[in-house]
Amino acid sequence: MNILVTGGAGYIGSHVVKSLFEAGYNVVTLDNLEKGHREAVLGGEFIKGDLKDRELLDSIMKDYEIDGVIHLAAHSLVGESMENPGKYYKNNVSNGLNLLEAMVDNDVKYLVFSSTAAVYGEPREVPITEDHPTAPTNTYGESKLFFEKMMKRYDEIYGLKYVSLRYFNAAGADLSGKIGEDHDPETHLIPIVLQKALGLRDKLYIFGNDYPTRDGTCIRDYIHVNDLADAHVLAIEGLTRGLESRIYNLGNGEGYSVKEVIETASRVIGKPIEAGVGDRRPGDPAVLVASSDKIKEELGWDPQYPDLETIIETAWQWHKRGGFNENE
Ligand code: UDP
């Protein structure tokens, strides 16, 4: 099986490429390296390019006889998406449409899509199941929801089969120490907390402490990036076995507040981590916690690193060694 992974040089993408490779797939990674790291792609072919290049998409699908696509290439920052919405509609929706068109024209039938819990907006009840209404509170979540709607139509009209994986909060790093989270600038909570602990940044702010939660800070469901990656392999396997199009949540069903994440990190590291309190970040729902029973039941997904301490410990090992800088 020949699988194209878009965004395969990114944080989650690089872990997906590694899992696919280890499961015996032929992998072609396409990434524009705007955020990704070439050295994060540990196997298969690598092509530097962009989803807006329709000719390139056609030639990759033909030349490598692509059977399925795992689509992760996207902008993914909630805060930025509320400052520059056009960037999100352009890349995540319009350039994403190029990929769907190229798949149809080249008869590529299987698609696994990297979606997000942000499609739900402020949940009415937690844990969130896949049939919970969608009402994104930020442009990022909305752009992912638009893409899901396009896939649904392309299934109806062209028979494209897809699995949309709605990730909750990806965190942690591969145990090999070769790949991990390395964004520039970094905006995600766990790496920021670890950078603060390492003295690589001056300040750590909790974005709002007046949410209607147990300690006033936002609650999120953190999931280890290797467990996320495994779900992609199960999804592509499922599709090639004839699975109908599906949406699955991916989380651990356990929510931790921003304060609890900082406390857990201090415990793992063995020293206090100082944090101030700042304003709320626009577009942030108070609580996002997943029910992932559906993918467990239907595809046998079985997370290996569900607890927050282990997730933070793997991230800490990666950050302590200096991330990609150390590997250079
Ligand atoms: N957060 C925070 N301080 C930071 C970065 C993030 O308080 O410096 C909060 C953020 O408001 C959210 C949670 O941590 O409630 C997780 O944010 P992150 O950006 O890691 O992931 P997201 O939920 O946006 O996917």
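Q: What makes up the shell around the ligand, by class of residue?
A: In this predicted model, the shell divides into eight nonpolar, three polar and three charged residues. In total, 14 residues surround the ligand, and the closest are Val78, His188, Leu189, Phe207 and Cys218. Helix H6 (189-197) and strand S8 (205-207) are the elements that give two or more residues to this shell. The largest share, three residues, comes from S8.

Q: Why is Leu33 called partly exposed?
A: Leu33 has 14 C-beta neighbours inside 10 Å. A residue is exposed with 12 or fewer and buried with 20 or more, so a count in between is called partly exposed. Leu33 lies in the loop between strand S2 (26-31) and strand S3 (45-48).

Q: Is Asp107 buried or exposed, and how do you know?
A: Asp107 has 11 C-beta neighbours inside 10 Å, so Asp107 counts as exposed. The cut-off for this class is 12 or fewer. Asp107 is found in the loop between H4 and S5.

Q: Which peptide bonds are cis, and what is omega for each?
A: The bond from Val126 to Pro127 is cis, with omega near -5 degrees. Another cis bond joins Asp184 and Pro185, where omega is about 0 degrees. Pro127 lies in the loop between S5 and H5, and Pro185 in the loop between S7 and H6. Most peptide bonds are trans.

Q: How do you know that the span of helix H5 is close to the expected one?
A: Helix H5 (residues 139-158) has 20 residues and reaches 28 Å from its first C-alpha to its last. The expected value at 1.5 Å a residue is 28 Å, and the reach is close to it. Just after H5, Gly159 takes a positive phi of about 75 degrees.

Q: What covers the buried residues of H5?
A: The cover includes helix H3 (78-81), helix H4 (85-105), strand S5 (110-116) and strand S6 (161-167). Among the buried residues of H5 are Leu145, Phe147, Met151 and Tyr154.

Q: What makes the side of domain 1 that touches domain 2?
A: The domain assignment gives domain 1 (2-171 + 223-250) and domain 2 (189-220 + 253-327). In all, 30 residues of domain 1 are in contact with 28 residues of domain 2. On the domain 1 side, the elements that give two or more residues are H3, strand S7 (169-171), helix H7 (225-240) and strand S11 (246-250). H7 gives the most, with seven residues. By class, this side has 14 nonpolar, 11 polar and five charged residues.

Q: Which residues is Leu165 in contact with, leaving aside its neighbours within four places in sequence?
A: Leu165 is in contact with Val112, Phe113, Ser114, Ser115, Ala231, His232, Ala235, Tyr248 and Leu250.

Notes:
Residues numbered from 1 in each chain as written. Predicted model: local features only at pLDDT ≥ 70, side-chain atom pairs only at ≥ 80, totals over all residues. Helix = DSSP H or I, 4+ residues; strand = E, 2+ residues; numbered from the N terminus. Expected span 1.5 Å × (residues − 1). Contact = placed C-beta atoms within 7 Å. Domains from an automatic or database assignment. Nonpolar A, V, L, I, M, F, W, Y, C, P; charged D, E, K, R; others polar. Near = placed C-beta within 6 Å.
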